[in-house]
Amino acid sequence: MIKVKINGQEQSWDGDPDLPLLWFLRDEAGLTGTKFGCGQALCGACTVIVDKEAVRSCITSINDVAGREVTTIEGLHPNGDHPVQKAWRQVNVPQCGFCQAGQIMQAAALLMENPKPSHDQIREAMAGNICRCGCYQRIENAVHLASTGV
Amino acid sequence: MNFIDNPGKLRGFEKNIKVEKVSRRSILKGLGITGGFVLAAPVMSRQAFAYETGAGKMPHGVVVDPRVFVAVAADGTVTILAHRSEMGTGVRTSLPLIVAEEMEADWSKVKVQQAHGDEVKFGNQDTDGSRSTRHYLIPMRQIGASARTMLEQAAAKRWKVPATEVKAVNHEVVHSASGRKLGFGELAADAAKESVPSIEGLKLKDPKDFRYLGKGQVGIVDLHDITTGKAQYGADVRLPGMKYAVIARPPVTGGKLVKFEPEAALKVPGVEKVMQVRGWPWPSKFQPLGGVAVIARNTGAAIKGRDALKLTWDDGANGKYDSVAYRKELEEAARKPGLVVRQEGDADAALKTADKVIVGEYYLPHLAHVSMEPPVAVADVKGDKAEIWAPVQSPGGTREDVAKTLGIPEGNVTVNVTLLGGGFGRKSKCDFALEAALLSKELGAPVKVQWTREDDVRHDFLHTVSVERIEAGLDKSGKVIAWRHRSVAPTIASTFAAGANHAAPFELGMGLVDMPFEIANISCENPEAAAFTRIGWFRSVSNIPRAFAVQSMVGEIAAATGRDQKETLLALIGSPRIVKPDVKDLWNYGEPYDSYPIDTARLRKVVELVAEKGEWGRKVAKGHGLGIAVHRSFVSYIATIVEVAVDEKGKLTVPRVDTAIDCGTYVNPERIASQIEGAAIMGLSVAKYGKISFKDGKVEQKNFDDFQVIRMDESPMVTNVYIVPPGPDTPPSGVGEPGVPPFAPALMNAIFAATGKRIRNLPLGKQLEA
């Protein structure tokens, strides 16, 4: 039996220990805010925070996070008012919105590590998260806004 | 009007509606297949507007009826239906916003509800072709005005005053003479009893009184849900007892399964079943390719099970498709005369007598859509009834195709449209929903079919591959006197009809025969090209290779004559005029030519605007260069300036992009800007990386590692967007697609300015690296 804390709640799994965390979250735990985009850690749509680090849940097994704390977009802030979320809304970032949960989690992890990133640091840290709609200019501006106070 | 307390009832529709046989989508019309008829006649106000659109000619036309689209609850909540699919353009906000504007609803009291697929009830729902605002600005205003009129009439009756004395203002009806007011909620029940006013008699708002339209102050309705993970996309639908499926499809289009060995897959924990999926013979339209499905308790188990399958395929006729060899065939075809599709003057003779002939041969490989959400659908089929939840651009077409595929009446099929995690034309084809329907029927349980990214890249309806060859003849003064453009590419029609070897009219009209330059001798030709895979619409379609070729050639002419790119471009566009190409039945994006002609004054205007705002001619640093391109598509006019920087190792960066768009009357400039910003990224992806290739009939790429798209660290540092203010009565035109075509040629013209290297073969790849 694998035990993991997700958004503050204890969850357990006694199936395949190799099951990617992404599919545990989406299909078993019903937390569909975390998205499937590539399955190979190439696009970042599935990004969650494990302890304090941004992690691609599509290549992380449920066993890898046993005993650790996972935060998904649903658990980032109780009212959805994390500075990154607020900045995203202020800048009207999303188009289709599908990649945005992963982008927001990546940005939140970046700001935990580096509260005042430069534009170059933002562009580098966010380069693992693909947005096919092409919202990059607004993502960059929103991360900057979140870091300077929304 | 459906003024009901429970807006949820808007979803209810009479089961077993008799649906007449209607010709399938406009593509079939493009192929010359007739038969079928339009059920709902378009209803347009010719009094208030000076133009007409092609909306009525779409399958099922337009429905203008407030009882279908609007509900007012007793608490004042106004519910407005969005009948088009949201894939990132903002349409789910913009169209209801038009209704709210015209009915004087307070946007903060409006709820938007997604319509299911039912074109008899809602009119055409194909969310493609950059058509939503262009076709629905007037109908949505009329719907809003009808609702407002009914509320005003109800108030006037209550107060026993003439209706002319009352006025709806921001969610209330006011009788200013007596100072009385009634909220929309208080009037809902009475207003529902009013008859729907005739469209001709409607009084529409004066645009100067607009609160929302044209202002760009309203965020998209899904903004909060998207940022909190609550927004529901196709993959997010969960039903009790639902199974999870992935499918192994034939590696070659049209291939067949010979045998499968399921034993190893069945041993994977969580896998419950392995079953065959029916495939349709090539060309298969939107029908499934067939294959073997693995059914499991979650998607991860299904994928692991599929990896363990042992499969034997018969590749069939398309197994010989090889992109290297095919490119040579296209190039050979482009060097010989082909079917003449536009002829003015005598290009052959003029090219012979020209002082100088510049020849450019431009290549664009297949492209995959790779929307961030791979295709996915949920189906629940019980007996002769089917319910689908899917991110489809074609809710009505999906309903038709599910009914046909299952052999049940269309009225027994409900298609629920989720948010789309990107579409770009891929999700106009509902094969993934049909797969889910077939599996659910056989399993007797709800099922979700999830495509992996590898499935998406390998089994897409790809953008065509093309060679565009242009010969431009110049006289002694450097003036272009002859223009021959041969366009060779497999056609989208090949996905629908075997042996379709020439471009369909709608493809010819995308940047080939509608070429706007003022040149005396013009010949446009379309040599044959056969298709060996599924070809489909990709954001802006044939405009991508055509604009790339035509606007690159402008840069080549400028270089050959030693003139400025922008001046060369304006000289070619020529005098302000309405272009009348000598083409029989010119396809004009389905629009009447009177409303949407090729207007070179507007084309010149966007060039001049972008040149002014984008500081054309500014001094740039060493290794930098500026490029410009303009293109009319989806009846909008767009010009782009790209600044590039190329370092000594050949590494490309894009410091700045400026784009000017004239899309006529517009609704939401903030979303227009976001579409154009995004189009620059997609344009850069196409130009730098876009390539799908085949070997032995199989796609050689699989995921974002070998089919790359632009990431943030290589995206333009700044993208500026300028919107041309519309003249009075300028009809609205497309926004979603037109931003893409001018990008690649502007980039290549900039690279030439920076390095002296002319890139004619897409993608750029490592061509700048020494």
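Visitor: Which residue follows α3(B), and is its phi positive or negative?
Guide: In this predicted model, the end of α3(B) can be found by looking at the residue that comes after the helix. The phi of that residue is positive, near 65 degrees. The residue that follows α3(B) is B:Glu104.

Visitor: How far does helix α3 of chain B reach from its first C-alpha to its last?
Guide: Helix α3 of chain B covers residues 91-103, which amounts to 13 residues. At 1.5 Å a residue, a span of 18 Å is expected, and the helix comes close to that figure. From first C-alpha to last, α3(B) reaches 18 Å.

Visitor: How many residues of α3(B) are buried?
Guide: A residue counts as buried if 20 or more other C-beta atoms lie within 10 Å of its own. By this criterion α3(B) is mostly covered. The number of buried residues is 13 of its 13.

Visitor: At what angle do α3(B) and helix α5 of chain B pack?
Guide: Two packed helices are described by the angle between their axes and the distance between the axes. For α3(B) and α5(B), residues 132-159, the axes are 7 Å apart, and the crossing is right-handed. The angle is about 35 degrees.

Visitor: What distance separates the centres of domain 1 and domain 2 of chain A?
Guide: Chain A is divided into domain 1, residues 2-75, and domain 2, residues 83-148. The centres are taken over C-alpha atoms. They are separated by 21 Å.

Visitor: Which strand gives the most to the side of domain 1 of chain A that touches domain 2 of chain A?
Guide: The contact takes 15 residues from domain 1 and 13 residues from domain 2 of chain A. On the domain 1 side, β3 (47-50) and β4 (53-56) of chain A each supply at least two residues. With three residues, the element that gives the most is β3(A).

Visitor: Which element gives the most to the side of chain B that touches chain A?
Guide: Between the chains, 49 residues of chain B are in contact with 48 residues of chain A. The elements of chain B that give two or more residues are α7 (223-228), α9 (299-307) and α19 (669-688). With seven residues, the element that gives the most is α19(B).

Key
Residues are numbered from 1 along each chain as its sequence is written. Chains are lettered from A and ligands numbered from 1 in the order in which they are written. This is a predicted model: local features need pLDDT of at least 70, side-chain atom pairs count only at pLDDT 80 or more; totals for chains, interfaces and linings use all residues. Helices (H or I, at least four residues) and strands (E, at least two) are DSSP runs, numbered from the N terminus. The expected span of a helix is 1.5 Å times one less than its number of residues. A residue is buried if 20 or more other C-beta atoms lie within 10 Å of its own, exposed if 12 or fewer, and partly exposed in between; C-beta atoms are placed from the backbone. Domain bounds come from an automatic or database domain assignment. Two residues are in contact if their C-beta atoms, placed from the backbone, lie within 7 Å. Axes are lines fitted to C-alpha atoms, for helices over the stretch in contact, and angles run from 0 to 180 degrees between N-to-C directions. A crossing is left-handed if the near helix is turned anticlockwise from the far one by less than a right angle, and right-handed if clockwise.
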